[in-house]
Amino acid sequence: MTALGPIPPAWGWRRPGAGRAVHVTAGTEYQATTVQAAGLYPFTAGSGAPLLGVPIGRHQLWGESVLLDPFEWLNAGLITNTGVFVLGQPGAGKSALAKRLVMGMAATGAQILILGDTKPDYSRVVQHLDGQVIRVGRGLDRINPLDAGPLGTVLSRMSGPDADQLRLEIRGRRLTLLIALCMLVRDGGQVSNTEEVVLGRVVDLLAERRTGDPVIPDVLAVLDQGPDTIRAAARATSAADYRRRIDDLVATLRLLCEGTLAGVFDGPTSTPIDLSAKAVSIDISRVAAAGDKLVAAAMLSTWSYGYAVIDAAAVLADQSLAPRRRHLAIMDELWRALRGAPGLVEPADALTRLSRNLGVAQIMLTHSLDDLDALASDEDRAKGRGMAERCAIKVLAALPGRELDRISQMVRLSVPERDMVASWAAPEALVPGAMHPGRGKYLVKTGERAGMPVALHLVGEELALYDTDAAVRAGAR
């Protein structure tokens, strides 16, 4: 009880010296465990962000920590698959988010696979984790498209029906990648049915010889020799007819060894992936400047080789020869591989479709849905959109309104959510030294739920480790 009354109003008494406040802002809400906030429990509240995974920032409305881990969210029933699709303008912080997840999930035991680092943005992070960095390029490391990789090592320890099944899987991978590379060299020209049958028979013949993993020059040698089984596959009636039927195929394969791709895919794999490594980055930045064709070939090969690692780990676990592992695969600059030639979406789609069954989470990053619409055919565009739509977690960084109109066809956005993401796309005024309004801000969407706006703040070593602008600043001095 006071002289002015029993209870003051919310902003204090309207009187000089009575503690009047012009404005009282709402308090910031924080979330903590009952152990950390025992003195406040049960009076804490939050927005419902799950406390499962790697801290990726604070909720922009409530201030509580937001955590993300596709595996943990799947186990908790929050999502139906482990795919993550990140979309945002260049420089908005897409790779910073991916690197935060890389560091956090590596700490919880997941094996990190950077399948084609084009800039390279991730190699320093992998080195920081004492992982393996493979640098692919002319005069550097090579990747053999026909290399069975770790699957071949696993096969040598198996027998019976399981071994036969794995041999068929290795055969299918070799043939699929070989056909994809041929299509790439032909600028989208299809491989005929006869050529596919011939390549399959050549792959079988080389496998029967059991002289290690074949290379593309071995395929050319078998075609040049033209044994009876290969001529029968080509349905050739004479030696001249056989040459006529395989001329285009031979010319295509020779381009892989002697054309612009020479020195990258025409020999044995020089540095095999270490199955036990905590993290692996396949750095293809040296070939990135050589054009989309070489980049697409490098990415397709690294994806195939990387998923061979995942398959091998799963087979070893099934055979009780190794503990079961979880894998996080980063597929950045995805669009550069998919637009290399018509039909290249098919092998990428096949690799990513069974991620949940293989114990792998994928983070696919791109700048715009225009990247997917730039694919060569309607079929490729439909499959590319399907790859994005299948991802249970969608992360939207700074995007303009036109882009958000198209994204709304894939994931439901409320008007406030749309306005928020659009506000991150460009500063209201150009002020030197000011931070871009969308830097490190993301809207995390799962299903039909309301999105979680998150602000990521880098700390400690992250500031230097995740910096993608260092080269630009150095060149400006």
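This is a predicted model: local features need pLDDT of at least 70, side-chain atom pairs count only at pLDDT 80 or more; totals for chains, interfaces and linings use all residues.
The residues of H6 that are buried are Glu 195, Val 198, Leu 199, Gly 200, Val 202, Val 203, Leu 205 and Leu 206. In an α-helix there are 3.6 residues a turn, so residues three or four places apart point the same way. Helix H6 spans residues 193-209 and comprises 17 residues. From its first C-alpha to its last, H6 reaches 25 Å, close to the 24 Å expected at 1.5 Å a residue. Just after H6, a positive phi of about 50 degrees is found at Arg 210.

The packing of H6 on H7 occurs at an angle of about 105 degrees, and the two axes lie 10 Å apart. Because angles of 65 to 115 degrees count as roughly perpendicular, H6 and H7 are therefore described as roughly perpendicular to each other. On the side of H6, the contact is formed by Val 198, Leu 199, Val 202, Leu 205, Leu 206 and Arg 209, while H7 contributes Asp 218, Val 219, Val 222, Leu 223 and Gln 225. Eight of the residues in this contact of H6 with H7 are nonpolar, one is polar and two are charged.

The model also contains an open sheet of 11 strands, with mixed pairing and the order S2-S1-S11-S10-S9-S3-S8-S7-S4-S6-S5. Strand S2 (65-68) and strand S5 (132-135) form its edges, each pairing on one side only. From one strand to the next, the twist averages 25 degrees. Helix H2 (residues 94-107) packs on the sheet and touches several strands, including S1 (54-59), S3 (83-87) and S4 (111-117); the direction of H2 makes about 135 degrees with that of S1.

Within the sheet, strand S7 is mostly covered, with five of its five residues buried. His 327, Ala 329 and Met 331 point one way from S7, whereas Leu 328 and Ile 330 point the other way. Strands S4 and S7 run parallel and are joined by four bridges, and Ile 112 stands opposite Leu 328 in S7. Strands S7 and S8 likewise run parallel, joined by five bridges, with Ile 330 opposite Ile 363 in S8. By contrast, strand S9 (residues 393-396) and strand S10 (residues 441-446) pair in the antiparallel sense over four bridges. There, Leu 396 has Leu 443 of S10 as its bridge partner.

Note on methods
Residues are numbered from 1 along each chain as its sequence is written. Side-chain values use heavy atoms; hydrogens and water are left out. Two strands pair if DSSP finds at least two bridges between them. Helices (H or I, at least four residues) and strands (E, at least two) are DSSP runs, numbered from the N terminus. Axes are lines fitted to C-alpha atoms, for helices over the stretch in contact, and angles run from 0 to 180 degrees between N-to-C directions. Contact means heavy atoms within 4.5 Å. The expected span of a helix is 1.5 Å times one less than its number of residues. Buried means under 20% relative accessible area, exposed over 50%, partly exposed in between (1.4 Å probe, protein chains only). Angles under 35 degrees count as roughly parallel, over 145 as roughly antiparallel, 65 to 115 as roughly perpendicular and the rest as oblique. Ala, Val, Leu, Ile, Met, Phe, Trp, Tyr, Cys and Pro count as nonpolar, Asp, Glu, Lys and Arg as charged, and the others, Gly among them, as polar.
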